[in-house]
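Colleague: I am new to this structure and would like to learn how to read it feature by feature. Could you show it to me, and then take me through the general idea and the particular case each time?

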Amino acid sequence: MFRRRFVMRNPSLLRALARSFLAGEPTAEQIAARASRTLGRQWRWLRPLAQRYLNSVAGRTRPRHRDVVQFLLTDRGLGRAWSRYIDELSVSQWVNEPQEMQPVSAAGTWDVPRIESIGALCDWLWLDPGQLDWFADLKGLGNKKNRPRLRHYHYRILSKRDGNVRLIEAPKPRLKKLQRQILSGILDHIPPHPAAHGFLKGRSIRTFTAPHVGQRVVLRMDLSNFFPTFSAARIQTLFRTVAYPESVADLLGGVCTSAAPRDMWTGLTHDARSLYSGPHLPQGAPTSPALANLCSYRVDCRLAGLAESVGARYTRYADDLAFSGGEEFDKRVERFSTHVAAILLEEGFAVNHRKTRIMRRGVRQHLAGIVVNEHMNVRRRDFDLLKATLANCVRLGPESQNRRGHAGFRAHLEGRLGFVESINPAKGKRLRAVFERIQW
């Protein structure tokens, strides 16, 4: 009853109170002082109300405006005060000061730029407010009409081996420039979890597999639809966790997410359409790998703790998860994989169970194309195929081996050769000698 009567009779008062709770320093005294200016009087019940609010959000992500409104509607103390002073409560002054940076305890040392308003964000990105709204497109207006020239992404549908599809969303130059600025100015200053090895400076597929070399048993698991799993709401929550006010976090999240336009839905299956039609992390944007790693921090903590409890090791390279251990882990690995899948489900991920593998010493243990039984090595099939390709390039010319029409076939071969050299230098040296004999 209180909720309905309060909203009907005092909608502006509710919004004004919520605004005073979000602006400025997050202490009970400061909140009560701002609320007193809003109501034009220092009510005794404001200080306890502010303290109850701080207790409710302690240790949590910075709340949205609607979350503060919900708290006020459900607070019994405010309900009693409203019932008693119904004729005396009114908005005397709206709080016009911008919301301040309010980082969680872990984010206090992160060297991120101080952006406390939409105007400050426009200045940081060198945009005017209209341009920022257009690039963020929080209402999804750009994807509702079939006008490709006004869109910010190029789209390409790729087929997977399992019959599903993957949508590649490559940002156009102007949006890509903004995303790179967000990546270098904000995201690169936030430390990822130690178990994450994909798309990070100083970490690679080699560091991902190294902890699992020579282990008694290796468990490999794979996540389905990794990038589109992260919705715009999760990305905006991450930016609010960093410290940014709701309005700034929403716009940053809008710049870094995308929704597939309706004319693209005809090429998608029903499951893919449900993933890509809403705002999500686009596979192809420079900010997506870093955001995916940061948004996976909680699940990485849970999985690392679970692995430690059974004497196992855990690493992740994008959507590839690897666990390994000795005899104790070998006894529990089947039940362990079930617990991992349950944690991933709770965190909003889906496991591709067809790619789950339990590999003991009697079989080839491989992760991301690297064999880890005794030492890191490339798969024999991959090595033999590359060796045959290079030999045929020497005998028949490189054009005869470019069956897939790579624009830069030499660079393509050098990339494959460099991978072998990084994993097994001895084998890479032999292949390099053959590569140097090719007549380009």
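**Reading the sheet, the cores and the salt bridges**

Modeller: Let us begin with an open sheet of three strands, whose order is E7-E8-E9 with antiparallel pairing. Strands here are DSSP runs (E, at least two residues), helices are runs of H or I with at least four residues, and both are numbered from the N terminus; two strands pair if DSSP finds at least two bridges between them. Please keep in mind that this is a predicted model, in which local features need pLDDT of at least 70 and side-chain atom pairs count only at pLDDT 80 or more, whereas totals for chains, interfaces and linings use all residues. Residues are numbered from 1 along each chain as its sequence is written, and side-chain values use heavy atoms, with hydrogens and water left out.

Colleague: Which are the edge strands of this sheet?

Modeller: In general, strands of a sheet pair through backbone hydrogen bonds, either parallel or antiparallel. Here the edges are strand E7 (366-367) and strand E9 (377-378), each of which pairs on one side only. Strand E8 (residues 370-371) pairs with E9 in the antiparallel sense over two bridges, and Val371 stands opposite Asn377 in E9.

Colleague: How many residues does the largest nonpolar core have?

Modeller: In soluble globular proteins, nonpolar side chains tend to be buried together. A nonpolar core is a set of buried Ala, Val, Leu, Ile, Met, Phe, Trp, Tyr and Cys residues joined through side-chain atoms within 4.5 Å, where buried means under 20% relative accessible area, exposed over 50%, and partly exposed in between (1.4 Å probe, protein chains only). The largest core has 71 residues, and those with the most contacts inside it include Leu187 and Phe239. Helix H16 (residues 327-346) gives the largest share of this core, seven residues. A second, separate core of 30 residues includes Ala28 and Leu72.

Colleague: Which parts does the salt bridge between Arg52 and Asp75 tie together?

Modeller: A salt bridge is a side-chain nitrogen of Lys or Arg within 4 Å of a carboxyl oxygen of Asp or Glu. The side chains of Arg52 and Asp75 meet at 2.8 Å, N to O. Arg52 lies in helix H4 (residues 46-57) and Asp75 in the loop between helix H5 (65-74) and helix H6 (76-84), so the pair ties together parts 23 residues apart in sequence.

Colleague: Is Asp75 buried or exposed?

Modeller: Asp75 counts as buried because its relative accessibility is 7%, whereas Arg52, at 31%, counts as partly exposed.
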